[in-house]
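Please have the sequence and the model open as you read.

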Amino acid sequence: MKYLIIYAHPNAKSFNHAIKEKIEAALKASNAAVAVRDLYEIPFDPALKAAELEMVEGVPVPEDVKQEQEYIRSSDVLIFIYPIWWSDMPAILKGYVDRVFSYGFAWSMEQNVFNGLLHGKKAVIVNTLASGRDDLVNMGLLECMSKTIDAGIFDFCGIQVIEHKYLCGVLDATAEERARMLKEVEEMMGRIIGKQA
């Protein structure tokens, strides 16, 4: 199995970075093929251009988009690691989705019916959130995010979300609580790697 980590956090000292390192280490320990796309490190412009909205079949795909699509095309499992900011993914990742998950690559439309084009691919999503789980559940935010992200993006493109892990209350979490969360991530990866082997 080939794994692709798509990571979106600007701080190399962040808890998200620790999560990325834990997941990457688990994959490498299992001898899985893994590539990492750190959106704050790679030369990728997240701003969608007007010309890209007007692209039709036969028009060359921009090189930066083409490269990311090739990473996705050659991977079996996509692992997204990012914080939830303003009840959504960071703008850099949203721009990545806008440009890379484009018409003709991730989806199409025939006779007014939308078709996902990435069937057979699986996704794992790991999010950190500042608020506690109870507050997020009571506000309905976890349900909303699952619908807009899992269904609205991935299912729409034909990708099966096999795990969406919300790590809540990270802002005020103690070192022990963060260590427990990392252990949960490690155990999650063990299950996923075992099932995909």
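## A fully covered asparagine

Asn127 is buried, with a relative accessible area of 0%. Here buried means under 20% relative accessible area, exposed means over 50%, and partly exposed is in between, with a 1.4 Å probe and protein chains only. Asn127 sits in strand β6. Helices (H or I, at least four residues) and strands (E, at least two) are DSSP runs, numbered from the N terminus.

Which residues does Asn127 touch, not counting residues up to four places away in sequence? They are Tyr82, Ile84, His164, Lys165, Tyr166 and Leu167. Contact means heavy atoms within 4.5 Å. Asn127 and Ile84 are 43 residues apart along the chain, and their C-alpha atoms are separated by 6.2 Å.

## Basis of the model

This is a predicted model: local features need pLDDT of at least 70, side-chain atom pairs count only at pLDDT 80 or more, and totals for chains, interfaces and linings use all residues. Residues are numbered from 1 along each chain as its sequence is written, and side-chain values use heavy atoms, with hydrogens and water left out.

## Overall fold

The protein has 7 helices and 7 strands. Along the sequence they follow the pattern β-α-β-α-α-β-α-β-β-β-α-α-β-α. The radius of gyration is 17 Å, close to the 16 Å that the globule rule gives for 197 residues, so the protein is as compact as a globular protein of that length. That radius is taken over C-alpha atoms, and the rule is 2.2 Å times the number of residues to the power 0.38.

The C-alpha trace spans about 55 × 40 × 30 Å along its principal axes. Of the 197 residues, 45% are buried. Among contacts with a separation of 6 or more, 77% join residues 24 or more positions apart.

## Two nonpolar cores

A nonpolar core is a set of buried Ala, Val, Leu, Ile, Met, Phe, Trp, Tyr and Cys residues joined through side-chain atoms within 4.5 Å. The largest one holds 35 residues. Ile72, Tyr82, Leu93, Tyr96, Phe101 and Phe154 touch the most other members. At least two residues of this core come from each of β1 (2–7), α3 (63–73), β3 (77–83), α4 (91–100), β6 (122–128) and α6 (141–155).

Take Phe154. Not counting residues up to four places away in sequence, Phe154 touches Phe80, Phe101, Ala123, Ile125, Ile149, Ile159 and Val161. A second, separate core has 24 residues, including Ala32, Ile79, Met189 and Ile193.

## Helix α4 and its partners

Helix α4 is mostly covered, with 7 of its 10 residues buried. These are Ile92, Leu93, Gly95, Tyr96, Val97, Arg99 and Val100. They pack against β1, α2, α3, β3 and α6.

How do α3 and α4 meet, and at what angle? They pack at about 90°, with their axes 10 Å apart. Axes are lines fitted to C-alpha atoms, for helices over the stretch in contact, and angles run from 0 to 180 degrees between N-to-C directions. The two helices are therefore roughly perpendicular, a term for angles of 65 to 115 degrees. From α3 the contact uses Asp64, Val65, Glu68, Gln69 and Ile72, and from α4 Tyr96, Arg99 and Val100. By type, these residues divide into 4 nonpolar, 1 polar and 3 charged. Ala, Val, Leu, Ile, Met, Phe, Trp, Tyr, Cys and Pro count as nonpolar, Asp, Glu, Lys and Arg as charged, and the others, Gly among them, as polar.

Glu52 also contacts Arg99. Glu52 lies in helix α2 (residues 50–53) and is buried, with a relative accessible area of 13%.

Most residues other than glycine have a negative phi. Ser87 has a positive phi of about 60° although it is not a glycine. Ser87 lies in the loop between β3 and α4 and is partly exposed, at 42% relative accessible area. Gln111 has a positive phi of about 50° and is likewise not a glycine. Gln111 is in the loop between β4 and β5 (113–116), and counts as exposed at 79% relative accessibility.

Met109 lies in strand β4 (residues 107–110). Met109 is partly exposed, with a relative accessible area of 36%. Leaving aside neighbours within four places in sequence, Met109 contacts Tyr103 and Phe114.

Note on methods
Parallel < 35°, antiparallel > 145°, perpendicular 65-115°, else oblique.
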